[in-house]
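Biologist: I'd like to learn how to read a model like this one, feature by feature. Could you take me through it?

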Amino acid sequence: MPRYKLLIEYDGTPFVGWQVQDAGLSVQGLLATAIEAFCGERVEVRGAGRTDAGVHALGQVAHVDLAKSWDADTVRDAVTAHLRPHPIAVLAAEEVPETFDARFSAIKRHYRYRIINRRTDLAIARSRAWRVARPLDHAAMHAAAQRLVGRHDFTTFRHIACQAKSPVKTLDQLDVAREGEEVTIIASARSFLHTQVRSMVGALVAVGEGRWSGDDLSTALEAGDRAACATVAPAEGLYLVKVDY
């Protein structure tokens, strides 16, 4: 049974998230429906990252098993056609060995968080970035972020409903940069806890606004207590950019 790797882009605004839920449209569910419309098979679409409601993807990866071999470009184009008018597109498709697993074969996931640092409301970037009105010290945010890089117990930055077996993760990269009014945070790791990136971003914004110091961030990390977390950043600023294999 041929296995196909799909590279997927989507605007997460209208969806309940990647994963199929009891109610509402999901990216995973719409992909399964589009594949069924294309080839008549009801399949399970397995993704590399289960993004939350409102979170976007520039490079989500999924795999699916089909009953017969198809030209990869045909799979890409046909599935995308059946996804219309939903804001989901299959950017690429390729046949891969049956040992490939979009989730478990991944060696690193890269996320980007967009902040627009200005007083006025967003128009073009609405639902695609977090507007923070107070001036942000991006250099202080970047310096504090380095305290989170490495292997730590990230319980403070973990959603209470997180299903991961352990709160211990190794964060490979957490960089903060500014270009004009946009502040970008890049986070990379093999895997993340539920809402970990958004929780870290919220804490870094507290640093950038001057409400927290770098030491406050370290204290929150060491507390191992969700109650010690700052305000969690909203979903609309987060993008799954790339998955490495």
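Predicted model: local features only at pLDDT ≥ 70, side-chain atom pairs only at ≥ 80, totals over all residues.

Biologist: How do I read a pocket, and how much space lies in the largest pocket here?

Modeller: Rolling a probe the size of a water molecule over the atoms shows where empty space is left. On a 1 Å grid over the protein atoms alone, a pocket is an open set of points where a 1.4 Å probe fits, with protein on both sides within 12 Å along at least five of seven lines; lining residues have an atom within 4 Å of a point. Points are joined across faces, edges and corners, and the volume is the space filled by probe spheres set on them. In this case the largest pocket holds about 1,200 Å³.

Biologist: Which residues lie nearest its centre?

Modeller: Of the 42 lining residues, those are Ala-48, Gly-49, Arg-50, Arg-103 and Phe-192. The elements giving two or more residues to the lining are strand 2 (46-47), strand 5 (108-116), strand 8 (168-179) and helix 4 (196-208). Helices (H or I, at least four residues) and strands (E, at least two) are DSSP runs, numbered from the N terminus. By class, the lining has 17 nonpolar, 13 polar and twelve charged residues; Ala, Val, Leu, Ile, Met, Phe, Trp, Tyr, Cys and Pro count as nonpolar, Asp, Glu, Lys and Arg as charged, and the others, Gly among them, as polar.

Biologist: Is Lys-169 buried or exposed?

Modeller: Buried means under 20% relative accessible area, exposed over 50%, partly exposed in between (1.4 Å probe, protein chains only). Lys-169 lies in strand 8, and it counts as buried because its relative accessibility is 17%.

Biologist: What is Lys-169 in contact with?

Modeller: Contact means heavy atoms within 4.5 Å. Leaving aside neighbours within four places in sequence, the contacts of Lys-169 include Gly-150, His-152, Phe-192 and Gln-196. Its side chain also makes a polar contact of 2.8 Å with that of Ser-191; such a contact is a pair of N or O atoms within 3.5 Å, where within protein one must be able to donate a hydrogen and the other to accept it, and residues adjacent in sequence count only if both atoms are side-chain atoms.

Biologist: How many bridges join strand 8 to strand 7?

Modeller: Two strands pair if DSSP finds at least two bridges between them. Strand 7 (residues 150-153) runs antiparallel to strand 8, with four bridges, and Asp-153 stands opposite Val-168. Strand 8 also pairs with strand 9 (residues 182-189), antiparallel over eight bridges; there Asp-175 is partnered by Ile-186. Strands 8 and 9 form a hairpin with two residues between them, and Gly-180 in the turn has a positive phi of about 65 degrees.

Key:
Residues numbered from 1 in each chain as written. Heavy atoms only, no water.
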